[in-house]
Amino acid sequence: MGSGQKRNRVLVPEASRALYDFKYQIAQELGVGKEIQGEYWGNVPSRDAGAVGGNMVRKMIAFAESQLTSNAAAVTNQPLIGNTNSKG
């Protein structure tokens, strides 16, 4: 990937390491971890890499939903960050 092409970014910089570890944890759970060489994912088929990302999203959504059910006010009172689709 060329420089300047990566658009996704971590919205909470302190979470960067946790997301990194989470990705490798999911890869291990799916049996993909043995194909990863250090930080090189080139040997991982696209379908498997997509499954890692998909499972990460699924688990993060489940976590957010559980937080909403236990304390909705704490989540809904958070300010919007990122693209809010405003033209301003």
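Q: Start with Val12. How accessible is Val12: buried, partly exposed or exposed?
A: This is a predicted model, so every value here is computed from it. Val12 has 42% relative accessibility and counts as partly exposed.

Q: Where does Val12 sit in the chain?
A: In the segment before H1.

Q: Which residues make the nonpolar surface patch of about 220 Å²?
A: Val10, Leu11 and Val12.

Q: Zoom out. What is the secondary structure of the chain?
A: Two helices and zero strands.

Q: And how much of the chain is buried?
A: Buried residues are 12% of the 88 in the chain. The accessible surface comes to about 7,200 Å². Carbon and sulfur atoms hold 53% of that surface.

Q: Which residues make up the largest nonpolar core?
A: Ten residues. They are Phe22, Tyr24, Ile26, Ala27, Val32, Ile36, Trp41, Val44, Val52 and Met56.

Q: Which helices each supply at least two residues of this core?
A: Helix H1, spanning 16-29, and helix H2, spanning 46-76. H1 gives the most, with four residues.

Q: Stay with Tyr24. What is Tyr24 in contact with, beyond its neighbours within four places in sequence?
A: Ile36, Gly38, Glu39 and Trp41.

Q: Is Tyr24 buried or exposed?
A: Buried. Its relative accessibility is 17%, and the cut-off for buried is under 20%.

Q: How many aromatic pairs does the structure hold?
A: Two. In one of them, Tyr20 and Tyr24 are tilted, at 4.8 Å centre to centre with 45 degrees between the planes.

Q: How far apart in helix H1 are Tyr20 and Tyr24?
A: Four residues, about one turn of the helix. Tyr20 is partly exposed, at 26% relative accessible area.

Q: What about Tyr24 and Trp41: what geometry does that aromatic pair have?
A: Edge-to-face. The centres are 5.6 Å apart and the planes are at 65 degrees.

Q: Why does that pair tie together separate parts of the sequence?
A: Because Tyr24 lies in helix H1 and Trp41 lies in the loop between H1 and H2. The parts it joins are 17 residues apart in sequence.

Q: Which residues form the aromatic cluster?
A: Tyr20, Tyr24 and Trp41 form one cluster.

Q: New topic. How many salt bridges are there?
A: Two. Asp21 and Arg17 meet in one, at 3.3 Å from N to O. Glu29 and Lys59 meet in another, at 2.8 Å from N to O.

Q: Where do Glu29 and Lys59 lie?
A: Glu29 is in helix H1 and Lys59 is in helix H2. They are 30 residues apart, and the pair links distant parts of the chain.

Q: How accessible are Glu29 and Lys59?
A: Glu29 is partly exposed, at 47% relative accessibility. Lys59 is partly exposed too, at 36%.

Q: Back to Asp21 and Arg17. Why are they separated by about one helical turn?
A: Because they are four residues apart in helix H1.

Q: Which of those counts as exposed, and which as partly exposed?
A: Arg17 counts as exposed, at 55% relative accessibility. Asp21 counts as partly exposed, at 36%.

Q: Last one. What share of contacts with a separation of 6 or more comes from residues 24 or more positions apart?
A: 41% of those contacts in the chain.

How values were computed: Residues are numbered from 1 along each chain as its sequence is written. This is a predicted model: local features need pLDDT of at least 70, side-chain atom pairs count only at pLDDT 80 or more; totals for chains, interfaces and linings use all residues. Side-chain values use heavy atoms; hydrogens and water are left out. A nonpolar core is a set of buried Ala, Val, Leu, Ile, Met, Phe, Trp, Tyr and Cys residues joined through side-chain atoms within 4.5 Å. Buried means under 20% relative accessible area, exposed over 50%, partly exposed in between (1.4 Å probe, protein chains only). Contact means heavy atoms within 4.5 Å. Rings of Phe, Tyr and Trp (its six-membered ring) pair if their centres lie within 6.5 Å; planes under 30 degrees apart count as stacked, over 60 as edge-to-face and the rest as tilted. Patches are made of residues with over 30% relative accessible area and no salt bridge: like charges are joined within 9 Å, nonpolar side chains (Val, Leu, Ile, Met, Phe, Trp, Tyr) within 5 Å. Accessible areas come from the Shrake-Rupley method with a 1.4 Å probe; for residues, only the protein chains shown count as cover. A salt bridge is a side-chain nitrogen of Lys or Arg within 4 Å of a carboxyl oxygen of Asp or Glu.
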